Amino acid sequence: MRKIFAAFVGLCLAGCSSYQLGAPKTAFRSIEVAPIRNSTPRPGTHAVLQGKITEALAADPRIKIGTGDAVLSTEVTQYRREGFTTKTGDAYTYTSYRVTFVVRCSLTTDSGRRVLFKDRDFSSVATLQLAGDSAAEELSLAPTLFANIASQIREAATTAW
């Protein structure tokens, strides 16, 4: 019984010898978020996205925001607002819409010589149900959608390479 226990302890210690406490190290220590481009007909989206990406990356204690090791280039490439119905009789009057934003990113290090990911798409979808001012209600979705996209970008950027 002691031999089995000793073998078990030995295996456990050998398996855990390379374990490191905390999250894995990133490929960079600081990241620059380049000004965001917007190629959609929806104005003003780049400012909200810039804030959400900066906020999401700043929440990771392993990296700093500012000029340095890595550059994140981002472009809002698609904005879709698709009407859909919930009743058979309202085919021409939409009260609900599916709003989608697609953002394309590239992340480079070593002054652009090393590409961690290039032209990778991140997207987020929400349902908009109009009750009053449609423009204001649609604008209120952007922070939530972009926070979701920023979270996806942060995870992709800080994953161990």
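## The loop between β5 and β6

Aspartate 110 sits in the loop between β5 and β6. This is a predicted model, so treat what follows as a tour of that prediction. The phi angle of aspartate 110 is near 55°, a positive value in a residue other than glycine. Its relative accessibility comes out at 39%, so aspartate 110 goes down as partly exposed.

Serine 111 belongs to the loop between β5 and β6 too. Here phi is near 55°, again positive in a residue that isn't glycine. Is serine 111 buried or exposed? With a relative accessible area of 74%, serine 111 is exposed.

## Aspartate 121 and its partner

Moving on to strand β6, which covers residues 114-129, we find aspartate 121. Which residues does aspartate 121 touch once its neighbours within four places in sequence are set aside? The contacts are Val102, Val103 and Arg104.

Aspartate 121 forms a salt bridge with arginine 104, with 2.8 Å between the closest N and O atoms. The pair links distant parts of the chain, since aspartate 121 is in strand β6 and arginine 104 is in strand β5 (residues 96-109), 17 residues apart. The two side chains also make a polar contact, listed at 2.8 Å. As a bit of background, side chains of opposite charge can pair when their charged atoms come close.

How accessible are the two ends? Aspartate 121 has a relative accessibility of 40%, so it counts as partly exposed. Arginine 104, at 31% relative accessibility, counts as partly exposed. One more distance for aspartate 121: its C-alpha atom is 9.6 Å from that of valine 76, a residue 45 places away along the chain.

## Other salt bridges

How many salt bridges does the structure hold? There are four, including the one between aspartate 121 and arginine 104.

Another of them brings together the side chains of glutamate 75 and arginine 37, at 3.5 Å from N to O. Glutamate 75 is in strand β4 (residues 70-84) and arginine 37 is in strand β2 (residues 37-38), so this pair ties together parts that are 38 residues apart in sequence. Arginine 37 has a relative accessible area of 45%, which means partly exposed.

Then there's the salt bridge between the side chains of arginine 80 and glutamate 82, at 3.9 Å from N to O. Arginine 80 is partly exposed, with 33% relative accessible area. Glutamate 82 is partly exposed as well, at 34% relative accessibility.

## How the strands line up

Strand β4 has several pairings to look at. Strand β1 (residues 30-33) runs parallel to β4, and three bridges join them.

Which residue in β4 is the bridge partner of arginine 37? That partner is glutamate 75, the residue whose side chain meets arginine 37 in a salt bridge.

Phenylalanine 84 stands opposite serine 96 in β5.

## Threonine 158 in helix α3

Now for a helix. Threonine 158 is found in helix α3, which covers residues 134-158. Is threonine 158 buried or exposed? Its relative accessible area is 6%, and the cut-off for buried is under 20%, so threonine 158 is buried.

What surrounds threonine 158? Leaving out residues up to four places away in sequence, threonine 158 touches Thr26, Asp60, Arg62 and Ile63. Within the chain's local neighbourhood, the side chain of threonine 158 reaches the backbone oxygen of arginine 154 at 2.7 Å.

Notes: Residues are numbered from 1 along each chain as its sequence is written. This is a predicted model: local features need pLDDT of at least 70, side-chain atom pairs count only at pLDDT 80 or more; totals for chains, interfaces and linings use all residues. Side-chain values use heavy atoms; hydrogens and water are left out. Helices (H or I, at least four residues) and strands (E, at least two) are DSSP runs, numbered from the N terminus. Buried means under 20% relative accessible area, exposed over 50%, partly exposed in between (1.4 Å probe, protein chains only). Contact means heavy atoms within 4.5 Å. A polar contact is a pair of N or O atoms within 3.5 Å; within protein, one must be able to donate a hydrogen and the other to accept it, and residues adjacent in sequence count only if both atoms are side-chain atoms. Two strands pair if DSSP finds at least two bridges between them.
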